[in-house]
Amino acid sequence: SLTKPRPARRGGCRAAAEQPIMAIAIDPVCGMEVETETATLTSEHEGTVCDFCGKGCTAATRRPKVPAR
């Protein structure tokens, strides 16, 4: 049986007040698809929630940016 395709959410982020719906988000670090309904690795910053595929991508958003020389 065929299933209805789920919309992909660019950037994997949504407003904190927005409930996750059955959709696919795109991890903002690596671009991998993440199911928003079952995502366990999320990060909230200034009212925006991002879904991540793994611990490495979640940690990558918390590392300080190194200025270019």
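Visitor: How many helices and strands are in the chain?
Guide: In this predicted model, the chain has one helix and six strands.

Visitor: And what pattern does the chain follow along the sequence?
Guide: The pattern is β-β-β-β-β-β-α.

Visitor: Let us turn to S43. Is it buried or exposed?
Guide: S43 is buried, because its relative accessible area is 18% and buried means under 20%.

Visitor: Where is S43, and which residues is it in contact with?
Guide: S43 belongs to strand 5, which covers residues 42-45. Apart from neighbours within four places in sequence, S43 is in contact with T48, V49, C50, F52 and R62.

Visitor: What about M32, where does that one lie?
Guide: M32 is found in the loop that runs between strand 3 (24-26) and strand 4 (33-35).

Visitor: Why is M32 called partly exposed?
Guide: The relative accessible area of M32 is 48%. The term covers values between the buried limit of 20% and the exposed limit of 50%, so M32 counts as partly exposed.

Visitor: Which residues does M32 touch?
Guide: Not counting residues up to four places away in sequence, M32 touches A25, I26, D27 and C53.

Visitor: How many residues apart are M32 and G54 in sequence, and what is the distance in space?
Guide: M32 and G54 are 22 residues apart in sequence, and their C-alpha atoms are 9.7 Å apart in space.

Methods:
Residues are numbered from 1 along each chain as its sequence is written. This is a predicted model: local features need pLDDT of at least 70, side-chain atom pairs count only at pLDDT 80 or more; totals for chains, interfaces and linings use all residues. Side-chain values use heavy atoms; hydrogens and water are left out. Helices (H or I, at least four residues) and strands (E, at least two) are DSSP runs, numbered from the N terminus. Buried means under 20% relative accessible area, exposed over 50%, partly exposed in between (1.4 Å probe, protein chains only). Contact means heavy atoms within 4.5 Å.
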